[in-house]
Amino acid sequence: MLIADKDQDPEHFLDLIKKSRRGKFKVYIGMSAGVGKSYRMLQEAQTLLRNGIDVKIGYIETHNRAETIALTEGLPAIPRRNVFYKGKELEEMDLQAIINLRPEVVLVDELAHSNIPGSKNEKRWQDVIEILDAGINVISALNIQHIESLNKVVKEVTGIEVAERIPDNVLKQADEVVNIDLTADELITRLKEGKIYAPEKINLALQNFFKPESILQLRELALKEVAGQIERKVETELPKNVSFRHERILACISSNDAAAKQVIRKTARLANYYNAKWWVLYIELPSERANRIPLDKQRHLINNFKTATELGAEVLRIKTENVATGIVGVVEEKNITTVCIGKPRLSLIKIILSTNLFNQLLKKLSSNSTDLIIMS
């Protein structure tokens, strides 16, 4: 009997065995130096050590920061190898010693580092791949500007071209990617307090990577990169029989100014929490045509559209005589997972009269497995 299924191929099975033996790879990402990547790596290592895990320092760059140095206490470190280059004795991570000692977990800082010429590998990320292939788990770190595909964007933001970079596919191999985030003010304060660079380098740093507008843009790049990594993991690694949907949120507003503002702002926070795409829908009923709606309501409506756009929404404006049909049409077109509406501000008699409309909407949303949130 011939078996053509790829899953039955011996080479495919061998590949699965290799993957199961490979070490796990965790990467901390930051928007710049000084956010605390090495500090967090060492914190995690101390926790692992207390729990009986054989964890060792393969390479950590403390930058002589007192709080970082303090966290190395008690953590066994694999001695670095000494290399002579251009008449100087330099230290480099000892790849072979790590593989020979085979710790359960090894810390390898500065993933984008270029090794001293004459080393087995040109780049540290290549060392890490060998360590992982040897079945050793690795915790590493890098800054967002070291990712190859972001090189041009980073240069536009900072005016500096970063020479040391890693291919994007290295980061895609990570089992876990964690963003270490600080606000621009917090990072600049750390810099001015001398917690990142030596005093003589502070002013130059403030003119380059540490300008507030640059930090904000680098921070956004870091957040998007980590979100993208997580999304790719979800899409590729969740079992096929596990249903998963990316949140796509629709905020439905009326010409009621106060209610619309409330729905827009609350939906914006919800979308931000889920890192979701979202829309604001206004259904223009015959009674609210431009020649019938008061000018002040038109003005408020336009202002609410502007607010929604500023908060990241796409505004939709449709004309229909049936609200439920209009909402469901957009839900189906945009693959909406959650619909947000305002709490009805109606008298008892109007609630009774509109019950059929509300039930119609509920029934249609239920058939699409769409959630409905009523915001007070």
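**Entry 1: the second largest pocket**

I sorted the lining of the second largest pocket by residue type and found 9 nonpolar, 9 polar and 5 charged residues. Here Ala, Val, Leu, Ile, Met, Phe, Trp, Tyr, Cys and Pro count as nonpolar, Asp, Glu, Lys and Arg as charged, and the others, Gly among them, as polar. I note that this is a predicted model, in which local features need pLDDT of at least 70 and side-chain atom pairs count only at pLDDT 80 or more, while totals for chains, interfaces and linings use all residues. Residues are numbered from 1 along each chain as its sequence is written, and side-chain values use heavy atoms, with hydrogens and water left out.

A pocket, on a 1 Å grid over the protein atoms alone, is an open set of points with protein on both sides within 12 Å along at least five of seven lines, and a lining residue has an atom within 4 Å of a point. I read a volume of about 600 Å³ for the second largest pocket; a volume is the space filled by probe spheres (1.4 Å probe) set on the points, which are joined across faces, edges and corners.

Which residues lie nearest the centre of this pocket? I found Ala33, His63, Glu110, Asn143 and His146 there, out of 23 lining residues. Helix 2 (37–50) and strand 6 (137–143) each supply at least two lining residues, and strand 6 gives the largest share, 3 residues. Helices (H or I, at least four residues) and strands (E, at least two) are DSSP runs, numbered from the N terminus.

I traced an open sheet of 5 strands in the order 2-5-6-1-7, with parallel pairing. Two strands pair if DSSP finds at least two bridges between them. Strand 2 (55–59) and strand 7 (176–180) are the edge strands, each pairing on one side only. Strand 5 (105–108) and strand 6 are joined by 4 bridges, and valine 105 has asparagine 137 of strand 6 as its bridge partner.

I then looked at helix 2, which touches strand 1 (25–30), strand 2, strand 5, strand 6 and strand 7; contact means heavy atoms within 4.5 Å. The direction of helix 2 makes about 165° with that of strand 6. Such angles run from 0 to 180 degrees between N-to-C directions, with axes fitted to C-alpha atoms, for helices over the stretch in contact. Helix 5 (124–133) runs at about 175° to strand 5.

I found 5 strands in an open sheet in the order 10-9-8-11-12, with parallel pairing. Its edge strands are strand 10 (314–319) and strand 12 (371–375), and the twist averages 25° from one strand to the next. Strand 9 (277–284) is joined to strand 10 by 6 bridges; tyrosine 282 stands opposite arginine 317 of strand 10. Helix 12 (295–310) packs on this sheet, at about 145° to strand 10.

**Entry 2: aromatic pairs**

I searched the whole structure and noted 2 aromatic pairs. Rings of Phe, Tyr and Trp (its six-membered ring) pair if their centres lie within 6.5 Å; planes under 30 degrees apart count as stacked, over 60 as edge-to-face and the rest as tilted. Why is the pair of tyrosine 197 and phenylalanine 210 edge-to-face? The ring centres are 5.9 Å apart and the planes stand at 85°, so this pair is edge-to-face.
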